[in-house]
Amino acid sequence: MPILSKDEAKQIIDKVLSYAKADETSANLSGSRRGNIRYARNAVSTSGESDNLSLSVTAVFGKKAGTATINEFDDASLEKTVRRAEEIARLAPENPEYMPMLGQQSYLDTKTFADSTAKIDPEFRAQATFDSIDPCRKKNLTAAGYMEDTTGFSSIGNSKGLFGYNKATNVNFSVTVRTADGTGSGYASPDFTDVSKLNTRSTTEIAMQKALASVNARALEPGKYTVILEPTASVELLQNMVRSMDARSTDEGRSFLSKKGGGSRLGEKLFDERVTIYTDPLNADLPLSPFGGGGGGGGGRFGGGGGNDGVPQEKVTWIENGVVKNVPASRYWADKKGIKPIPNPAGFIVQGGTQSLLDMIKGTEKGILVTRLWYIRAVDPQTLLYTGLTRDGTFYIENGQIKFPVKNFRFNESPVIMLNNLEALGKPVRAGGNLIPPMKIRDFTFTSLSDAV
């Protein structure tokens, strides 16, 4: 029962709305089947599968709203949930920023579902895990990894005629490989809508190569270096930047897009002219839910989630040729400012070039290859300055070749500065629920060394 069809979902939502007595009523119905398998030290430690089906009902009187949630779907339980939401609404304080519910909307037909992923079973997960562990055992390496697959749907409806439905799949796989002495480490982490694109053996072999190559790392002095950032290294910094783009925080002076003394930098060129970042729900490699709600990762494909009011997701260019073109705006803030509401991006695409990672390495006279960043923390939200560490394979490049592994660094860097110091962009690949190219950046700031591998 967790994965309902569009007609089945609409039947339940219509039933809920038929019980409604409030000024406005909305229903959010979602379900999922999640499977996972985890392994460490070349042996499976846990595996499981769970089903979930949940209905959330929101009732509104004036500007007073109440929400009740249930996972039982007989008529009596549905009506009881509606009455409970209405009871809560009558007791709630008024929300001065409440916006009336949307009427009927037109949604894109996005391709977020893959039958191959929906058919994943425990046997498939076991084989995928064996394909990762087996090559590591044969080379006396140790693997630890996790695979999770999700098939789900999200459906929304309200008393003003709005209805939306989306069915989606997603699979995430990550693996860390260590050498027997623990001094070498490699990491890889792809995610896909369609599991037929996932090969856990070849993914693990990439992590194995990094682990073997990172043994006997040498220390380099901290400082400013030209770096090549693999997508798994840059994705979190870029996510932090894109998520911090917001119309209200900008207008209120709390964003890196705010001008000192007031005003917005929207429309200004803030990045290298090669930087273009956009969201496209119809992109074949990164399909997204057609309506707002949810977040990055699986949420971007499934839709729904807290705060979902059904605003359609469309193709939006956030940054074009280095110029900030759009920022997300809630319905309340858009109405206040007389602008169009734009949902937060559930996944974004950084436009890249045609070079492979190997091509970028070959074109580098001196630099450092960073395969992963982790433990990233904000230092200054106003400038988007972050600190963190390199991990799982960091390498020195000279005359177009990887010469030797280097000890890990702590870095202090802002993605805004980073995207102004751009030298080259490679071909985008999917990482962390986004499409990110490898990037060659000059003057990337390393502040100290780290003994971690």
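Start by selecting Ser77, Leu78, Thr81, Val82, Ala85, Glu86 and Ala89, the buried residues of helix H2. Buried here means under 20% relative accessible area, exposed means over 50%, and partly exposed lies in between, computed with a 1.4 Å probe on protein chains only. Helices (H or I, at least four residues) and strands (E, at least two) are DSSP runs numbered from the N terminus. This is a predicted model, in which local features need pLDDT of at least 70 and side-chain atom pairs count only at pLDDT 80 or more, while totals for chains, interfaces and linings use all residues. Residues are numbered from 1 along each chain as its sequence is written, and side-chain values use heavy atoms, with hydrogens and water left out.

An α-helix has 3.6 residues a turn, so residues three or four places apart point the same way. What covers the buried residues of H2? Show helix H1 (6-18), strand E2 (43-61) and strand E3 (64-70), which are among the elements that cover them; contact means heavy atoms within 4.5 Å.

Now select all of H2, residues 75-91, and check its length. The expected span is 1.5 Å times one less than the number of residues.

Next, select residues 30-89. The unreviewed UniProt entry annotates this range as "domain: Metalloprotease TldD/E N-terminal"; UniProt positions are in the numbering used here, feature names are shortened, and annotations may be inferred rather than shown by experiment. Over residues 30-89 the chain is 25% helix and 62% strand, with end C-alpha atoms 22 Å apart.

Then turn to charged pairs. Side chains of opposite charge can pair when their charged atoms come close. The whole structure holds 30 salt bridges, each a side-chain nitrogen of Lys or Arg within 4 Å of a carboxyl oxygen of Asp or Glu.

- Asp109 and Lys111: a salt bridge at 3.2 Å, N to O. Asp109 is exposed at 57% relative accessible area, and Lys111 is exposed at 58%.
- Lys119 and Asp115: a salt bridge whose closest N and O atoms are 2.9 Å apart. Lys119 is exposed at 58%, whereas Asp115 is partly exposed at 41%.
- Glu268 and Arg265: a salt bridge with closest N and O atoms 3.1 Å apart. Glu268 is partly exposed at 25%, and Arg265 is partly exposed at 30%.

Finish with Arg33, Glu49, Arg125 and Asp149, which salt bridges with shared partners join into one network.
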